[in-house]
Amino acid sequence: MGLKSSKLRFARAFIMVVALAVLLAACNSGSKNDGATGNEPAASTSGSASAPGSASSDGPLGKYDPPIEVTTVRHLSEVVENNVLSVLKDETLEDNRWSRAYEQDLGIKIKYDWVIKGNDDSDQYLQKLNVTLASGDLPDIIPVSAVQLKQLAESDLIEDLTELYEKYASPLTKDVLSQEGTSVFDAATFNGKLMAIPQLESSIERSMYIWIRTDWLNKLGLEPPKTMADVLAISKAFAEQDPDGNNQKDTYGLGMTKGLWGGAMGLEGFFAGFGSYPNIWLEDASGQLVFGSIQPETKKALQALQTMYKNGEIDKEFGIKDGGKVAESIAAGKIGMEYGEQWNSIWPLQLNVNNDKNAQWKAFPIVTESGEPAKVPLKFSTKRFFAVKKGTKHPEAIIKMFNLHLEKNWGETAQFDYYYAPPEAESVWQLSPWTPSPPKKNLDAFREIDAARKSGDKSKLKGEAKTIQEKLDMYASGSTEGFALWGWERIYGPEGSMGIADQYDKNNQFLMDKFVGAPTPTMVERDSTLKKLQDETFVKIILGEPIEAFDKFVEDWKKLGGEQITRELNEWYATTK
């Protein structure tokens with residue numbers, strides 16, 4: 001088929017995707033680094049990605065001579081605009097330390113077809129990207145969501161990168177992109193061909209912990225939880241035994257929001273305690289995918305929450321309170337326990353400590369009914385992929401730039417304090433249009449810090465570990481400025497949440513979402529309806545509706561598209577084995 005007819009077919013196929021832009025491209029970023037001198041003049045360039053005569057070394061970091069030019073598109077976030085470009089001298093979005101590195105080290109000059117202000121999930125950016133994709137007039141390197149990637153692959157408008165990845169990806173890149181298994185490649189593979197380079201986003205960072213006010217535990221003579229029975233007992237005590245000592249029944253055992261799920265005050269970790277894993281797809285004993293929300297264990301978790309609500313252990317108004325409102329209750333010292341990710345000590349828990357210097361929180365591992373180590377559910381986090389337009393002269397260029405970004409931040413020649421997080425602009429890594437990072441980088445930093453702490457020698461710390469240790473030292477100084485870093489100590493200190501992540505990882509406790517592909521046709525049509533049905537039913541049950549409503553929900557979920565989605569997902573899953 002000719003390229004022109006492919007464009008026409010793609011434009012027609014993409015109409016549905018544009019209309020459903022809300023489902024498209026939830027693209028993330030994340031990375032960091034140290035560097036050279038900073039004001040090097042830009043190297044002269046000639047040629048383009050499609051210019052004849054360009055040649056490159058076969059190595060992962062081989063330089064093109066003469067240089068080539070590649071086109072792409074991007075967003076300009078407020079963080080980059082206000083916290084990076086506004087404070088750096090002689091650097092712009094088009095000419096900065098990262099663009100110079102790609103040009104000087106690899107012979108690749110980056111040109112932006114367009115730049116939109118705002119985040120990569122803003123309406124304006126998504127609309128502009130959708131129009132670009134629907135037109136078929138594509139840049140050389142295209143940042144896309146899973147849905148958009150599928151459309152491009154089916155329209156034969158992008159390059160097969162399978163062999164190029166094997167040939168050009170550096171050992172570091174291959175190691176980083178495989179640290180969470182094959183899931184990121186499964187998401188970018190169609191008919192056995194790798195059609196984009198995935199920008200792996202850490203799923204491990206979404207691990208859940210139980211955050212508990214340990215000053216309340218101590219006051220009431222309670223031990224940290226080892227089972228779900230302990231969690232329920234702590235919740236009851238916090239609500240009934242006046243832990244704040246004001247002689248009023250005005251405290252709650254468990255903080256949660258009307259949205260039920262999420263990185264702060266979410267319930268994923270609570271449900272996991274009962275062997276229930278809502279919102280992710282699991283493999284059953286027969287090797288088939290099943291949806292965690294409709295399994296019998298979910299009913300048991302809902303029953304427990306309903307009992308807690310009746311007992312006054314949960315805010316009576318939780319059903320109308322978002323995270324900001326629940327954070328206000330935490331800040332006011334009215335909540336003693338919540339489930340959340342490792343950063344919860346920075347927000348919302350630091351708010352409580354700022355108001356009450358006697359308040360103390362600590363992360364604990366999520367627990368199970370039996371006391372056996374819990375499985376920690378992790379939703380697939382990679383949402384951004386870099387595809388290459390069909391016919392581009394040097395499709396391997398994106399792989400080389402991934403190699404360089406990782407090398408300059410985490411490789412043997414890393415310059416972290418220049419390319420990732422210099423003191424004057426800690427988000428400088430975001431100047432690069434692609435920002436791959438190791439999914440275990442924070443865990444690795446903790447391990448380095450912990451080893452240095454135990455050996456008594458912090459002098460060898462470098463990169464991210466050194467930057468974090470400086471924050472811990474400032475907190476330990478006891479200064480007012482240091483107190484604002486209490487949350488960092490609760491993450492990376494001797495009793496921090498990252499120590500639990502280390503335990504999760506070494507014990508193989510992570511339970512990964514098994515579905516990592518683009519939404520199926522029925523998912524596109526019905527998924528938002530099914531999620532609304534689920535969450536509304538769960539909230540009603542917690543508020544007191546008979547528990548049998550769960551059985552009705554399961555029946556309705558299947559009839560309204562869930563059964564068909566399950567079939568479609570299992571058809572996809574069979575292609576990944």
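Modeller: Start with one aromatic cluster: Trp-261, Phe-270, Phe-271, Phe-274, Tyr-339, Phe-538, Phe-550 and Phe-553. Rings of Phe, Tyr and Trp (its six-membered ring) pair if their centres lie within 6.5 Å; planes under 30 degrees apart are stacked, over 60 edge-to-face, the rest tilted. This is a predicted model: local features need pLDDT of at least 70, side-chain atom pairs need pLDDT 80 or more, and totals for chains, interfaces and linings use all residues. Residues are numbered from 1 along each chain as its sequence is written, and side-chain values use heavy atoms, without hydrogens and water.

Colleague: How many aromatic pairs does that rule give?
Modeller: The count is 29 aromatic pairs. One of them is Trp-281 with Trp-557, a tilted pair at 6.4 Å centre to centre and 45° between the planes.

Colleague: Where do those two sit in the chain?
Modeller: Trp-281 is in strand S8 (residues 281–283) and Trp-557 in helix H23 (residues 549–575). They are 276 residues apart, so the pair links distant parts of the chain. Helices (H or I, at least four residues) and strands (E, at least two) are DSSP runs, numbered from the N terminus.

Colleague: Are Trp-281 and Trp-557 buried or exposed?
Modeller: Both are buried. Buried means under 20% relative accessible area, exposed over 50%, partly exposed in between, with a 1.4 Å probe and protein chains only.

Colleague: What about Tyr-309 and Phe-318?
Modeller: They make an edge-to-face pair, 6.1 Å centre to centre with 70° between the planes. Tyr-309 and Phe-318 are both buried.

Colleague: New topic. Which peptide bonds are cis?
Modeller: Asp-65 to Pro-66 is cis, with omega near 5°. Pro-66 is in the loop between helix H1 (3–19) and strand S1 (68–76). Trp-347 and Pro-348 are also joined by a cis bond, omega about 10°. Pro-348 lies in the loop between strand S10 (337–340) and helix H14 (349–355).

Colleague: And what is phi at Asp-242?
Modeller: Near 50°, a positive value in a residue other than glycine. Asp-242 is in the loop between helix H10 (228–240) and helix H11 (268–272).

Colleague: Why does Asp-242 count as buried?
Modeller: Because its relative accessibility is 18%. Asn-247 is in the loop between H10 and H11 too, with a positive phi of about 60°. Asn-247 counts as exposed because its relative accessibility is 73%.

Colleague: Last one. How many helices and strands does the protein have?
Modeller: There are 23 helices and 14 strands. Of the 577 residues, 56% are buried.
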